[in-house]
Amino acid sequence: MLESWEGRFFITFVAVLEEKSFSRAANRLGYVQSTITSHIRHLENASGKKLFHRLPRGVELTEAGMQLAPFAYQFIQLGQSLKEALEPSGSPSGIVRIGALESFAISHLPRFLTDFLQQFTKIKLHLTPGLQNDITAQVANRRIDLGIVPKPPDREDLRFMPLLEEKLTLICSPAISERFERLGWSSLYDCAFISFGDHCIYHTYGRSVLEEADVTLTDYLTFSSVELMKQTVACGMGIAFVPASNIVQELAAGTLVSLPYSQDITLTHGIITPKSIEPNAASQAFILKLRAYFSED
């Protein structure tokens, strides 16, 4: 089987996987669609397995495709590492795939990314937003090179490098804050709990604070954007738990108010990478610069 595997086929496989479409993968790689179909058929013939389900609006991985995916990413990463090793020494090059929470990326990464890309002109960054569990799984499956998560993952196969600590803040509108000052926790009974959803670490920690205060909320709103969460809280639709860095301007302007709770919850943001392999030169440059950036802060 080994002689049937070629790097270009794995590159095509990953493009189809990520784009969820043969036509979009063709546009991304600069191929005609028949070439994409030929590459995937070659992999399916070599493996003896169907790799994608064809759907009315795209494709999705079969079970065999899911098994192949982490090996495809490893194959591509090894090829990039070999290329770097054979090239004359100099500035690192290549693509670094990064997963990060949107709330972290908005507050902490813009200035760093601008400076980093100006210094490392041969490196391209692909940033994908996600939640803790999603990012952890993507790093473990080699779909991304590294992740930035708000707490160490409970996995032996990943290394965690801390970057910074940050307090989780309970926020509400000024009107709800006034009512809270008069009536305490019982004043929140009719507030919606606004979060990224059940799988969000902010949601999990926030629920524990409310349960400790004997507050039971019956209404839950789920949004995919921290900006939308802040806007709905400011309108008085509910309360939310977000990192302190996300609300500096709103607290200063008085559009949002932070509520005290009994025991502070501190998040330890950090970088996760697989333990089984060393990051390539481009990823190492990113990690070193990011850790230095936060150590200076």
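## Cavity lining

Helix H4, residues 63-86, contributes the most to the lining of the largest cavity, with three residues. Helices here are DSSP runs of H or I with at least four residues, numbered from the N terminus. The lining consists of Val14, Tyr73, Ile76, Gln77, Arg97, Arg142, Arg143 and Asp145. A cavity is a set of points on a 1 Å grid over the protein atoms alone where a 1.4 Å probe fits but cannot get out, and lining residues have an atom within 4 Å of a point.

By class, the lining holds four charged residues, three nonpolar and one polar. Asp, Glu, Lys and Arg count as charged, Ala, Val, Leu, Ile, Met, Phe, Trp, Tyr, Cys and Pro as nonpolar, and the others, Gly among them, as polar.

## Basis of the model

The model is predicted: local features need pLDDT of at least 70, side-chain atom pairs count only at pLDDT 80 or more, and totals for chains, interfaces and linings use all residues. Residues are numbered from 1 along each chain as its sequence is written, and side-chain values use heavy atoms, with hydrogens and water left out.

## Cavity count and volume

The whole structure has one cavity of 30 Å³ or more. The largest cavity holds about 50 Å³ of space, a volume being the space filled by probe spheres set on grid points joined across faces, edges and corners.

## Cysteines

Zero disulfides are found in the whole structure, a disulfide being a pair of cysteine sulfur atoms within 2.5 Å. For Cys172, which is in no disulfide, the nearest cysteine sulfur is that of Cys191, 7.6 Å away. Cys200 is also in no disulfide, and the nearest cysteine sulfur, that of Cys172, lies 19 Å away.

Cys172 is buried, at 0% relative accessible area. Cys200 is buried at 1%, where buried means under 20% relative accessible area with a 1.4 Å probe, protein chains only.

Key:
Buried means under 20% relative accessible area, exposed over 50%, partly exposed in between (1.4 Å probe, protein chains only). On a 1 Å grid over the protein atoms alone, a cavity is a set of points where a 1.4 Å probe fits but cannot get out, and a pocket is an open set with protein on both sides within 12 Å along at least five of seven lines; lining residues have an atom within 4 Å of a point. Helices (H or I, at least four residues) and strands (E, at least two) are DSSP runs, numbered from the N terminus.
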